[in-house]
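Welcome! Please take a moment to look over the sequence and the model below, and then we can walk through some of the details together.

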Amino acid sequence: YNHPMAQKTFVLFLFVTGLLAPAMAAATDLVDFTIVNRVQFSVPANWPVIANKSTSEKTVFAFQIPNPADKGTSDSSNLSIIATDLRTAQDRDAFQTQASSTDHNALEKKLVDGWGCSTFSAIQRSNQTQYVIWDCRRIIADCGVSVRIAWPHLPKNPPDYDAQMEIVLSNFLTSVGPFKGVPKSGVLRRPVN
């Protein structure tokens, strides 16, 4: 399986440690996640978790973003988040200087304050589908946080799908922050240790 999301998630795992746009889904329920009581983030309740792994040094989550255009294809829109414990100044320096993308054509882009982001396009080898990929990074509560979103260019995508996905990413990045405790809303929390 040669999905660009899977490749990068694996590579990041080795080396590193919102709401959906209205046109995409009617989901308004969010699920909050916490990572070792240091970092928290929210995702729409209709995003299936496709991977999660946690050790004392690193936590990885990957989600599939529902897209009716990918039904019956081997393509999917996905988002992953990796939080790595940066225990020392050397760890923090290494995270800060590490390239956000291994792709030489990646362009640095400003999307959300506090996040360093870059974007590029890649072809999924198995079916020659073009994907748009964004990598974003920042340090939160002594954790190096890396986020990757990837989505395919499919014939059935809405004409503004790229713009919708940038909004999805912006909303997700805005939700990622230091742990603030259990929300007053009583929304389901899933702690990760």
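What follows is a short tour of a hairpin, some aromatic rings, a helix and a disulfide.

This is a predicted model, in which local features need pLDDT of at least 70 and side-chain atom pairs count only at pLDDT 80 or more, while totals for chains, interfaces and linings use all residues. Residues are numbered from 1 along each chain as its sequence is written, and side-chain values use heavy atoms, with hydrogens and water left out.

Helices (H or I, at least four residues) and strands (E, at least two) are DSSP runs, numbered from the N terminus. Strand S1 covers residues 30–35, and five of its six residues are buried. Here buried means under 20% relative accessible area, exposed means over 50%, and partly exposed lies in between (1.4 Å probe, protein chains only). S1 pairs with strand S2 (residues 39–44) in the antiparallel sense, over six bridges; two strands pair if DSSP finds at least two bridges between them. Three residues sit between S1 and S2 in this hairpin, and Val36 in the turn has a positive phi of about 50°. Across the pairing, Val31 stands opposite Val43 in S2.

Ser42 also lies in strand S2. Its side chain makes a polar contact with the side chain of Asp32 (2.3 Å). A polar contact is a pair of N or O atoms within 3.5 Å; within protein, one must be able to donate a hydrogen and the other to accept it, and residues adjacent in sequence count only if both atoms are side-chain atoms.

Now for the rings. Rings of Phe, Tyr and Trp (its six-membered ring) pair if their centres lie within 6.5 Å; planes under 30 degrees apart count as stacked, over 60 as edge-to-face and the rest as tilted. The count comes to eight aromatic pairs by this rule. Trp47 and Phe63 form a tilted pair, with 6.2 Å centre to centre and 55° between the planes. This pair links distant parts of the chain, 16 residues apart: Trp47 is in the loop between S2 and strand S3 (49–54), and Phe63 is in strand S4 (residues 58–65). Both Trp47 and Phe63 are buried. They belong to one aromatic cluster together with Phe33, Phe41, Phe61 and Phe172.

Helix H3 (residues 161–175) comes next. Its 15 residues reach 21 Å from the first C-alpha to the last, close to the 21 Å expected at 1.5 Å a residue; the expected span is 1.5 Å times one less than the number of residues. Among the buried residues of H3 are Met165, Leu169 and Phe172. Tyr161 lies in this helix too, and its C-alpha atom is separated by 9.8 Å from that of Asn67, 94 residues apart along the chain.

Finally, how many disulfides does a search of the whole structure find? The search finds one, a disulfide being a pair of cysteine sulfur atoms within 2.5 Å. Cys117 and Cys136 form it, with their sulfur atoms 2.2 Å apart. The pair links distant parts of the chain, 19 residues apart, with Cys117 in strand S7 (residues 116–124) and Cys136 in strand S8 (residues 129–140). Their link is right-handed, with 115° about the S-S bond, and both Cys117 and Cys136 are buried.
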